Amino acid sequence: MNPIARVSIRFICGERNRGAMTRTIWMACILGWMAAQNAAAETVDETRPAAAKGVVSISNVSGSVHVTGWSRKEVQVKGTIGEKVEKLIFESEGERTRIEVDIPEHVNNRDSKAIEGHLEVSVPAGSDVRVEGVMLEIAIAGVTGELDLQSVNGSVIANGKPEELDISTVNGT
């Protein structure tokens, strides 16, 4: 511990309460850091009309994508995107819906959390779904169309009875 901080804690709290005060200061620092991390993320909650048996393409470099099939003729995206994400592209035209977490062309390794997207996506159950990413956790359930799920470094989980299933991961499960 820094000698100046130790002297300050002793002076403010007395010798007996020093441990409790040190824990309180550390807890305040941790909570402040956590709040800053959460404040940096942008919340997403958007819905677009979609075909009952359309194609939904999702691209997210880092984070997670959880897809659930439902009975509505619309696609809904909820979640958070990091502070360095340029924008969430969410467009629907005809039978195609595209969702993309758009990040800057050049990103430092220390910014990896800042470009994460954590998306919960609801799609019509009969949709064909394509998900691709690099450091991405993919989970999908309740979709009966074709599934094409690709992550370079992340887990891929598919539950249900899809028409066709293609899963690819280089360094994941």
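Which residue in β4 is the bridge partner of E46? The first legend answers this.

This is a predicted model, in which local features need pLDDT of at least 70 and side-chain atom pairs count only at pLDDT 80 or more, while totals for chains, interfaces and linings use all residues. Residues are numbered from 1 along each chain as its sequence is written, and side-chain values use heavy atoms, with hydrogens and water left out.

**View 1. Strand β4 pairs with β1 and with β7.**
Strands here are DSSP runs of E, at least two residues long, numbered from the N terminus. Two strands pair if DSSP finds at least two bridges between them. Strand β1 covers residues 42–49 and meets β4 in the antiparallel sense, over eight bridges. The partner of E46 in β4 is V77. Strand β7 spans residues 117–124 and also runs antiparallel to β4, with six bridges joining the two. Here T80 stands opposite H118 of β7.

**View 2. Q76 is a buried residue of the sheet strand β4.**
Strand β4 runs over residues 74–81, and Q76 lies in it. Q76 counts as buried because its relative accessibility is 16%. The classes are buried (under 20% relative accessible area), exposed (over 50%) and partly exposed (in between), with a 1.4 Å probe and protein chains only. Contact means heavy atoms within 4.5 Å. Beyond neighbours within four places in sequence, Q76 touches D45, E46, T47, W70, E120, V121 and S122.

**View 3. R98 makes polar contacts with E91 and E100.**
R98 sits in strand β6, residues 96–102. Its relative accessibility is 33%, so R98 counts as partly exposed. A polar contact is a pair of N or O atoms within 3.5 Å; within protein, one must be able to donate a hydrogen and the other to accept it, and residues adjacent in sequence count only if both atoms are side-chain atoms. The side chains of R98 and E91 are joined at 2.7 Å. The side chains of R98 and E100 are joined at 2.5 Å. Leaving aside neighbours within four places in sequence, R98 is in contact with S57, I89, F90 and E91. I58 is 40 residues from R98 in sequence, yet their C-alpha atoms are 6.1 Å apart.

Conventions. Helices (H or I, at least four residues) and strands (E, at least two) are DSSP runs, numbered from the N terminus.
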